[in-house]
Amino acid sequence: MGLYLWHSGFTAESWAQQIGEKSLHFEDLDAKVADFGGKTLGTWLAFGEYDMIKLVEMPDNATMAAFVLAVTAAGYFSGGKTTVLLTMEEGLAALEQAGKG
């Protein structure tokens, strides 16, 4: 499983819906992560360029891309950035591999 840090913004429509319902729809989003075979490790609201930051595990890069495309196409989110994260073990393996090259 890969680790991903996903930054995204809510559309005006999704903000209006959440304000009207007085509810953030993070449980729905966590269920969608699970539909793609992933797991949510944490979710935060943010000030600045993005409205939300989510830390997730997904099976691979293609699956994470598919998840982001699906939820963005649904119109709930706008823009975003996905960062692939390496564990410390993966980082050390990369350092070792770099030393051999």
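Visitor: Why is K100 called exposed?

Guide: K100 has a relative accessible area of 66%, so K100 counts as exposed. The cut-offs are under 20% relative accessible area for buried, over 50% for exposed, and partly exposed in between, with a 1.4 Å probe and protein chains only. Please keep in mind that this is a predicted model, in which local features need pLDDT of at least 70 and side-chain atom pairs count only at pLDDT 80 or more, while totals for chains, interfaces and linings use all residues. Residues are numbered from 1 along each chain as its sequence is written, and side-chain values use heavy atoms, with hydrogens and water left out.

Visitor: What makes K100 and E96 a salt bridge?

Guide: A salt bridge needs a side-chain nitrogen of Lys or Arg within 4 Å of a carboxyl oxygen of Asp or Glu. The closest N and O atoms of K100 and E96 are 3.6 Å apart, and the pair forms a salt bridge. Both residues lie in helix α4 (residues 88-100), 4 residues apart, about one turn of the helix. E96 is exposed too, because its relative accessible area is 51%.

Visitor: How many salt bridges does this rule give?

Guide: The count comes to 2. D30 and K54 also meet in one, at 2.6 Å from N to O. This pair links distant parts of the chain, with D30 in helix α2 and K54 in strand β3, 24 residues apart.

Visitor: Is K54 buried or exposed?

Guide: K54 has 0% relative accessibility, so K54 counts as buried.

Visitor: Which residues of α3 are buried?

Guide: They are T63, M64, F67, V68 and V71. Seen down the axis of α3, these buried residues fall within an arc of 135 degrees, so they line one face of the helix; the arc is that of the directions from the helix axis to the C-beta atoms. On the other side of α3, A62, L69 and A73 are exposed.

Visitor: What do the buried residues of α3 pack against?

Guide: They pack against β1 (2-10), α2 (26-35), β3 (52-58) and β4 (77-85). Contact here means heavy atoms within 4.5 Å. M64, leaving aside its neighbours within four places in sequence, is in contact with Y4, W6, V56, M58 and T82.

Visitor: Which residues have the most contacts inside the largest nonpolar core?

Guide: They are W6, L29, M52, M58, M64, F67 and F77, in a core of 15 residues. The elements giving two or more residues to this core are β1, α2, β3 and α3, and the largest share, 4 residues, comes from α3. A nonpolar core is a set of buried Ala, Val, Leu, Ile, Met, Phe, Trp, Tyr and Cys residues joined through side-chain atoms within 4.5 Å.
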